[in-house]
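This briefing covers the overall build of one protein chain and then the setting of a single residue. Please look over the sequence and the model first.

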Amino acid sequence: QVQLVESGGGLVQAGDSLRLSCAASGRAVRTYAMGWFRQAPGKERDLIAAIRRSGYTDYADSVKGRFTISRDNAKNTVDLQMNSLKPEDTAVYYCAADSRVTVSTRPDYWGQGTQVTVSS
């Protein structure tokens with residue numbers, strides 16, 4: 001079992017950058033496929049970035065080229081670097097861990113979420 005705690009959310013202006021961090025305890029993040037989801041008000045929770053055990057990364061089209069997911073095995077964290085933020089990036093961001101090869105829509109573990117608000 002793994003516990004996930006997100007941090008780094010906040011209020012920023014359009015064009016700014018923000019870095020989210022997901023700290024894991026209980027098990028090593030390298031033993032899971034890890035992902036970042038986000039959920040805007042009235043919308044579904046969507047997977048936007050994922051990193052497999054192998055280190056392979058994948059992104060939703062909406063964030064490709066602007067967001068970068070990374071894993072630090074020594075710190076047991078998974079970060080999401082977000083650049084060129086847009087108002088439509090406003091959402092609650094969730095970290096997730098999945099025992100499958102890839103991050104599914106129903107991962108095994110969730111963090112509690114962190115709010116990101118981008119003003120225009």
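Buried residues, meaning those under 20% relative accessible area with a 1.4 Å probe and protein chains only as cover, make up 42% of the 120 residues in the protein chain. The model is predicted: local features need pLDDT of at least 70, side-chain atom pairs count only at pLDDT 80 or more, and totals for chains, interfaces and linings use all residues. Residues are numbered from 1 along each chain as its sequence is written, and side-chain values use heavy atoms, with hydrogens and water left out.

**Fold and dimensions**
- The protein chain has 0 helices and 11 strands (DSSP runs: H or I of at least four residues for helices, E of at least two for strands).
- Its radius of gyration, taken over C-alpha atoms, is 13 Å, close to the 14 Å from the globule rule for 120 residues, so the chain is as compact as a globular protein of that length. That rule is 2.2 Å times the number of residues to the power 0.38.
- The C-alpha atoms fill a box of roughly 40 × 30 × 25 Å along the principal axes.

**Contacts**
- Of the contacts (heavy atoms within 4.5 Å) between residues at least 6 apart in sequence, 57% join residues at least 24 apart.

**Arg66**
- Arg66 sits in the loop between strand E6 (57-59) and strand E7 (67-72).
- Arg66 counts as buried because its relative accessibility is 11%.
- A polar atom of the Arg66 side chain lies 2.9 Å from the backbone oxygen of Ser62.
- Beyond neighbours within four places in sequence, Arg66 is in contact with Gln81, Met82, Asn83, Ser84, Leu85, Lys86 and Asp89.

How values were computed. Buried means under 20% relative accessible area, exposed over 50%, partly exposed in between (1.4 Å probe, protein chains only). A polar contact is a pair of N or O atoms within 3.5 Å; within protein, one must be able to donate a hydrogen and the other to accept it, and residues adjacent in sequence count only if both atoms are side-chain atoms.
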